[in-house]
Amino acid sequence: MQPRTPLLLCVLLSQVLLLTSAEDLDCTPGFQQKLFHIDQPAQFIEDQAILNLTFNDCKGNNKLHYEVSSPYFKVNHDGSLVALKNISAVGKTLFVHARTPHAEDMAELVIVGGKDIQGSLQDIFKFARTSPVPRQKRSIVVSPILIPENQRQPFPRDVGKVVDSDRPEGSKFRLTGKGVDQEPKGIFRINENTGSVSVTRTLDRETIATYQLFVETTDVSGKTLEGPVPLEVIVIDQNDNRPIFREGPYVGHVMEGSPTGTTVMRMTAFDADDPATDNALLRYNIRQQTPDKPSPNMFYIDPEKGDIVTVVSPALLDRETLENPKYELIIEAQDMAGLDVGLTGTATATIMIDDKNDHPPKFTKKEFQATVEEGAVGVIVNLTVEDKDDPTTGAWRAVYTIINGNPGQSFEIHTNPQTNEGMLSVVKPLDYEISAFHTLLIKVENEDPLVPDVSYGPSSTATVHITVLDVNEGPVFYPDPMMVTRQENISVGSVLLTVNATDPDSLQHQTIRYSIYKDPAGWLNINPINGTVDTTAVLDRESPFVHNSVYAALFLAIDSGNPPATGTGTLLITLEDVNDNAPFIYPTVAEVCDDAKNLSVVILGASDKDLHPNTDPFKFEIHKQAVPDKVWKISKINNTHALVSLLQNLNKANYHLPIVVTDSGKPPMTNVTDLRIQVCSCKNSKVDCNAAGALHFSATSVLLASLFSLACL
């Protein structure tokens, strides 16, 4: 029989292992029994076991912690519930809450014969989840149901049970709420006879973490007997989500020469799993650094916070000696607190080594040469510098200043933004005859200040020698413009002035000749040798070539250089007015009805091309020798207008009335103008002037128009 013993033992061990494996596969986290009934003793004795609780999170119960709704009780590590002191009254119900990083559950202890004690479970447990606080005189007893997410077949599977100690015979359980008869429907159901609650499919905590259901008992007709009582279903998290970096791209900057331990940036990942468990407890590390010089470990990441800091000495963070001032780090985030079983996610962090101004700009040579023609402006030379700092920063960009040799502000220097060169320009034309040579002292600095231990040296200044070339410059009129005042109508040949032009090339001793460049009216002549200007025609202030009493002409002065140079001068002649224009009247035609009651004919206006005082007030008269005195009358309205009227009605005909108008000049000028007046037939609002002429508008309209014009003056 002894040889068979090992074989039998192996068979038994195999069956045990199979059973253990099957149990592991079917393990439901939580209390193995959720409801207990104990009789109220006369007194609970200190440290005496009341009952034993069995909790299993299906992962070894690591970091298992119990909490009791009464401060007078505790649960030992072996699951035994004991009193902390001798006590008699503890209430009708005790609740025990168990929690590990992987699961949590609630057990209810009904004390038969106990009395109510006021208290808050939420205050006791310090977690914001609706706890099953039993109500007085309630026979339905429910506890929270904990279900792991991602469970596999078979379904449905029982996950909890509702107890009703006083349920009438024939009554049934009914379950309602989101997940039962509300979307998503059909996830949970209850055995209407036994109260067993089952789940019908796999749950996803990241979709719905808790379900608030309600349990009630009904009679055979469906009428509610008791309830509804809330039933909370809590989905236990599984590690089924990888950490992800959601806020990229991740770019950090650190100044070159920064001390060891300088924080560059922070990398944080997101894990959709339960943040209260290790499933979402992340740890960070650097998987790869590119480039790996001058050290493969230039940076360190805080495994818990994700802060990236420098770990090399400031001397190694020298941007000018680095192969590449940009580093790329592959950052890995791993859940399960970084354990090998944890899921991982990666992202790239780009770190730029920023430049600081630790290199002053230096001229490529101490002296520069430039040549410029006198009278010219623009860039004459580009000054070149070297700077080892970052070309995209103010630590590289140069600022030039002329510190000596520019008293007349004839030169300016600006920076070429592409090349960083100093563009030296002439902004005020140089004169060879005044100075043929100029020497400038120029300094260069950066836009950004230098770091404290670096300063500008002799190489940051340079000298520029400028040679001015002589060119043949055109003569210059003085003054320019030249201005004279004369009366109009002066006699032909009158001398107006003698122009004066000088040659800036004083060392060349050249001669100058004069000519007319523009004389719009052809009134002037100039002596080519001495520049005397006289008239060749009468000057007329009223000419269309005269504007605001000023006549403009242009003259040329030409030197004897090879090739000759030309200068231009302007002459402005202000013409004083004389009374050389007689006034004239308007209008010269009018009409009036033969039976008009209003004998006013027309309002006359007068105008004169001359200026005051050679214009108004005007004097209006009727030429008495040409018309009878008893028919027409003219009356002054103001200085420029008069009213012509009839003294009696006239027959239909055309009449010519000579009007004499005289201005106020000394001596005055007079003009006689025939005023044509048509007397028309006006009957039944119709005006007939056929016998009087071809005009077809009424005298009244002419009079009204004249009065309107007068009112606008």
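This short talk describes the fold, the cores, the cross-links and some local features of one predicted protein model.

Good morning. I shall begin with the protein as a whole. The model is a predicted one, and the protein has 713 residues, of which 43% count as buried. Its secondary structure comprises 52 strands and 3 helices.

Which residues have the most contacts inside the largest nonpolar core? They are Phe 31, Phe 44, Leu 53, Tyr 66, Phe 73 and Val 96, in a core of 26 residues. Several strands give two or more residues to this core, among them strand 2 (35-39), strand 5 (65-68), strand 8 (93-99) and strand 18 (224-236). Please find Phe 31 on the structure. Leaving aside neighbours within four places in sequence, Phe 31 is in contact with residues including Leu 53, Phe 55, Tyr 66, Val 96 and Met 106. Another core, of 25 residues, lies apart from the largest one, and its members include Phe 618, Ile 659, Val 661 and Ile 677.

Next, the aromatic rings. The whole structure contains 11 aromatic pairs. One of these brings us back to Phe 31, which pairs edge-to-face with Phe 55: the ring centres are 5.4 Å apart and the planes are at 70 degrees. Phe 31 belongs to strand 1 (residues 30-31) and Phe 55 to strand 4 (residues 55-56), so placed that the pair links distant parts of the chain, 24 residues apart. Both of these phenylalanines are buried.

A further pair is formed by Phe 245 and Tyr 284, with 6.4 Å from centre to centre and 55 degrees between the planes, a tilted arrangement. Phe 245 is in the loop between strand 18 and strand 19 (250-255), whereas Tyr 284 is in strand 21 (residues 283-290), 39 residues away. Phe 245 and Tyr 284 are both buried. Ring pairs also bring in Tyr 250, making a cluster of Phe 245, Tyr 250 and Tyr 284.

Charged side chains meet rings as well. The charged end of Arg 246 sits over the ring of Phe 270, 3.8 Å from its centre. Arg 157 lies over the face of Phe 155, at 5.7 Å from the ring centre.

In one of them, Cys 593 is joined to Cys 682, with the sulfur atoms 1.9 Å apart. This link is left-handed, with -85 degrees about the S-S bond. Cys 593 lies in strand 45 (residues 589-593) and Cys 682 in strand 51 (residues 670-683), and the pair links parts of the chain 89 residues apart. Both cysteines are buried.

The other disulfide joins Cys 680 to Cys 689, at 1.8 Å from S to S. Here the link is right-handed, with 105 degrees about the S-S bond. Are Cys 680 and Cys 689 buried or exposed? Cys 680 counts as buried because its relative accessible area is 1%, and Cys 689 is buried at 1% relative accessibility.

Finally, I come to the backbone. Most residues other than glycine have a negative phi, and most peptide bonds are trans. The bond from Gly 248 to Pro 249 is cis, with omega near 0 degrees, and Pro 249 is found in the loop between strand 18 and strand 19. The bond from Asn 562 to Pro 563 is also cis, and Pro 563 lies in the loop between strand 42 (550-559) and strand 43 (566-576).

Where do we find Asn 548? Asn 548 is in the loop between strand 41 (532-535) and strand 42, and it has a positive phi of about 55 degrees although it is not a glycine. Ser 549 lies in the loop between strand 41 and strand 42, with a positive phi of about 70 degrees. Asn 548 is exposed because its relative accessible area is 77%, over the cut-off of 50%. Ser 549, by contrast, counts as buried because its relative accessibility is 15%, under the cut-off of 20%.

Thank you for your attention.

How values were computed
Residues numbered from 1 in each chain as written. Predicted model: local features only at pLDDT ≥ 70, side-chain atom pairs only at ≥ 80, totals over all residues. Heavy atoms only, no water. Helix = DSSP H or I, 4+ residues; strand = E, 2+ residues; numbered from the N terminus. Buried < 20%, exposed > 50% of the residue type's maximum accessible area, 1.4 Å probe, protein only. Core = buried A, V, L, I, M, F, W, Y, C linked by side-chain atoms within 4.5 Å. Contact = heavy atoms within 4.5 Å. Disulfide = S-S within 2.5 Å. Phe/Tyr/Trp six-rings, centres within 6.5 Å; stacked < 30°, edge-to-face > 60°. Lys NZ or Arg CZ within 6 Å of the ring centre and 35° of its normal.
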